[in-house]
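These are my notebook entries on a predicted model.

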Amino acid sequence: MNIKKSLSLLLTGSLAFGILAGCGKDSAGSTSGESSSGLKVIKIATQTPLSGGSATLGEAIKLGAQLQLEEQKEKFKKLGYELKLQPYDDQGDPKKGVANAQIIGSDKQIMGIVGHLNSGVAIPSSEIYEKYKIPMVSPSNTATDVTDRNLKSVNRICGRDDYQGPAGAEYATGNLGAKKVFVIQDKTAYGTGLADAFKKSVEEKGATVVGYEGITVGEKDFNGVINQILSKKPDLVFFGGLYSEGGLIIKQAREKGIDVPFMGGDGLDSSTLVEIAGDAVKNVFITSVAGDTEGTESGKKFAENYKAKFNKATESYSVYGYDSMGVVLKGLEDAINSNGKKMPSREQVMTAVRSVKDFQGAVTQVSFDDKGDNDYAKFFVYKFDDAKYPPAFDAEIPKK
Amino acid sequence: MKKLWNAYSENKLFQGVFLLIFIAVTSLSLYLAQKSVTAFLLLLSSLLLLYFTKFSNLVKWLIAGVILVVLLPAAAGGGDAFESYMEVATLVGIYISMALGLNIVVGMAGLLDLGFVAFFAVGAYTYGIFATGQASNFMPFGTYPLSGESFWLFIVLGCLAAALFGILLGIPVLRVKGDYLAIVTLGFGEIIRIIFNNLDKPVNITNGAMGIASITPPKIFGIELIYSSQFYYVVLIILVFTIFTVRRFEHSKIGRSWKAVRENEIAAQSMGVPLVRTKLIAFAVGASFSGMMGVIFAGKQTFVDPTSFTLLESITILVMVILGGMGSVPGVILGAAVMTILNLQVLAEMTNWLNELSSSGAITIPDALSPSKMQRLIFGALLIVFALYRPKGLIPAKNPVYKEEELVSSKVLDMKQDQKVQA
Amino acid sequence: MLNDILQSIPQVLIDGLTLGTVYAVIALGYTMVYGILELINFAHGEIFMTGAFIGTAMLIVLTGIGWVSALPAIVMLITVLLLTALLTGLLGMGIERVAYRPLRNAPKLIPLITAIGISFLLQDLVRFIAELKKGNYIVTGPSLFTSQIKINSSAISSVFNDASIKSSFIIVLVSAIIMMVVLDFFVNKTKWGMAMRAVAQDRETASLMSVNVNKVISLTFFIGSALGGATGVLFAVQYGTIDPYIGFILGLKAFTAAVLGGIGNIRGAMLGGLLLGVMEMFASANLTLMTGGVFGAEYKDVFAFAILIIVLIFKPEGLLGKPVAEKV
């Protein structure tokens, strides 16, 4: 009995000690707020899923943000600050997100957050950020509730569902002349929000929605729903969801001989979509808030640097992560300058981020309105003519 | 060494002194070194140390109460990390309560349940729907959202709603056994989640995948509860209630019936244990704890959506029970605490630390292997190690042993007393 | 309405069988291990996933080598299938040795923890390797057998629409049938099969009859995992794209299928898998029609689970399982 007791004690004890001795020491060292080089440390956190099912997207955001941060390190060094990236893993789980948010809040060196991937995590976590007055810039949360709660700390550079859906609908009914539309969504907050907004607006514009179906994320066989498309014979299929499912739906539909145009939101904007769907990706349209990566110098440069640094192709979200970090750092820089080069408070950074105007990122332009939505969130439509990424620029739809 | 250990384990005074020193040192170090998660964990582990002392139950409860109510918040409250510690402590409380509920079903009654998180969801949604405008979509009367004061009523309502679902689930259980039962409950859990995920049409009840946002925070005496440190006390009260109830159940007639059913259904039945009722009560009681905590969870997060209630969550709670030791109340508490703290705090801190090392150049790791992505990997590895080295659970269940000669008629009345002491 | 449903039946059946075959073969792995150890091997889905990755990696490498890619695709596929089966079989044996054998006398549910631990480990290991090599863990293999075959089902009766089959489906179906028949033969007709059944029935008595229990259990894990890994390859060929998280959902469904058929029963697992696949496909194609749009395809899992629960209520031992008289 004693041995068992001591063993259990030993296990818990040694676990706690062994693992955390390092952390304890480390954090004790950094409480002084000065790094070894004598510069004041400012940390920017990212919080996205880095493990679990949607890790690929979460990591894209993190890497994009990391690239931006490292590019600006020198600039901040001249101001007397050392920038550090602190990545957190929210695992796509609201509980974990909130717990991490509390840890972030308690680390006084963290001045801003890039994240989250999922609106379901962003909404409860941002309540915590608001309490600590840490500015969050979201690269990908399109759900309306994210900014509709009027929190001072919450901003996003991507578009809202209720802009993106109508933008797609306008193009679908106008340029593509769709009359019968089949809508599929992936039953996540992102997919539902986008597909609902699209459906509503496409009906207002006079087209009929012949089918509205949901699929399960993580599955690979979507033939059931595709059989419905087959029998309904629509002239456009809209998919609200991400590229991993979207690519398979497009591929499997084309295999069954459905050659009508497919359309989707920025969730489909990824090189992996082309990889999954192959030739089937032709005649697929995506709406995106991002300007043409290939078209602009900054976009091209970003893609090259990213590839060189991480040995990976860019995902749509990596460039949003890059630009989100850009906005955070712009706000931080403004706050430092207006504070006479002294360390600004979190509140000052928060106000500075909100008042960022006409920021020109690699692909996005950013000016926040009083809710934290991006004033410049106009939508671009891209079309895949060949099985290659990025797709060709097709049209521009201004925000209504 | 051995001798010293023996002296320690025999002598109450030694234990008391050691415990006191331990608590004093850890709380002081937590107070001084605010960011030291180690100190926080060591302070918590003093409860474990306390459990292994030879004091009477009352003394143990009192000391634990002082530590949790006064010492922990006070020691952690000196700096910025306060809310972060309280958040973890609150979630630990929520999970302990759920694990205790599942422990009744799995550990005591021996019914393997893989859909337990559904009851948590029922509780969370019960409050979520009525504390937002959501309810006005289908309720013909009343104005919604309800005020924050109704939260306290909803704790009871959530408890009842979950118990009702527990009974509903229990009905098919009457025929299905063993692993078939596991898959039925798994199916049930998935069905509940999918329904919650889709109930935005035809009538919008749960707002589907978008989740319910801006839930009214609870209110008491005009104070809105929005900080984790406030919820900590709410959770603590309910947790004490839960532990007390579970303890009472364990040693009551129904508790004995559960164990009898677990050991041998037919024998139990032949001894006059009503199978149907016993199993249904197990499900209802287990579910109700989970429902209560669901309500608190909804109030704390102010947001519920179906992603919080996946199968993985059910499995995690089950792992807490098994890891702690099935049927053993202290074990399950320890299991739930270890799992939650590990996942929410230790892993995050650890990967941060590794990340710091790699970014400062002490060690170089390619990005594909960046430590911040390794949480689940480490979690998995630790689970294996735990299970291999403590195959019966961290604190295995003990059944009270009765001496034959004491079981003569005159002593039967004292049995209850004996049992309490031994347990 | 009935007409609409009937029209799409041939296509739904074909798609359902495709998915069902995958479920069935994975379910075999669950059922074999359960039959012999009464253990739900939750890591089995991950073995399947690992198999899919090993197979895809081999296919990518092989199609990259000049003279190999000149070989007929079917030869290449068979080689890859066999190699993958061998590797995943060994992996399964290794997992049993490390994570399950030390716990054989522990309480029944403890191995569940190690199983979940192994699942997390495998998922992340595969992911890290894929990312290190490729930069992305969603992997798309070379496309093989993509030609479509039209089935003229409208010729049978005019109520049906024509259906189409992807030629890889035929390969999946044939390989799966071969695997199942061989397995059935092995378990029922060979000496090792008999030993396996003996151990499943009563481990102690079997050991008294000079059956080497450890060896038999290792063998069971080898076969189950080899089948799982091979199915992974077939899956990758059929659907093209894989990621490290496919094991969870598919494993869950396959486990459901095994229970539906009667867990521990090999033929039951096959039947359960096929049934579940067809049911799911039917539900996702027709639920909207049947309920007038109130419930859509997103309820297909609810439909499948509801049927499972109903079946189990009326036949608690599963479709082909035999009721066991409880010993008192």
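Entry 1. In which sense do strand S6 (residues 180-185) of chain A and S8(A) pair, and over how many bridges? I found that the two strands pair in the parallel sense, and that five bridges join them. I then looked up one of these positions: A:Gly240 in S8(A) is the bridge partner of A:Gln185.

Entry 2. I turned to strand S9 (residues 262-264) of chain A, which runs parallel to S8(A) and is joined to it by three bridges. Here A:Phe239 has A:Gly264 of S9(A) as its bridge partner. I followed the chain from S8(A) to S9(A): it passes through helix H9 (residues 243-255) of chain A, and this β-α-β crossover is right-handed.

Entry 3. Is S8(A) buried or exposed? I noted that five of the five residues of this strand (residues 236-240) are buried, so S8(A) is largely enclosed by the rest of the structure. I checked each face in turn. On one side A:Leu236, A:Phe238 and A:Gly240 are buried, and on the other A:Val237 and A:Phe239 are buried, so both faces are covered.

Entry 4. I next looked up the contact between chains A and C, to which chain A gives 32 residues and chain C gives 33 residues. On the chain A side, strand S7 (208-214), helix H8 (223-232), H9 and helix H10 (271-277) each supply at least two residues. H8(A) provides the largest share of that side, six residues. By residue class, I recorded six nonpolar, 16 polar and 10 charged residues on the side of chain A that touches chain C.

Methods. Residues numbered from 1 in each chain as written. Chains lettered and ligands numbered in written order. Predicted model: local features only at pLDDT ≥ 70, side-chain atom pairs only at ≥ 80, totals over all residues. Buried ≥ 20, exposed ≤ 12 C-beta atoms within 10 Å, placed from the backbone. Helix = DSSP H or I, 4+ residues; strand = E, 2+ residues; numbered from the N terminus. Pairing = 2+ DSSP bridges. Right-handed = clockwise from strand over helix to strand, strands pointing away. Contact = placed C-beta atoms within 7 Å. Nonpolar A, V, L, I, M, F, W, Y, C, P; charged D, E, K, R; others polar.
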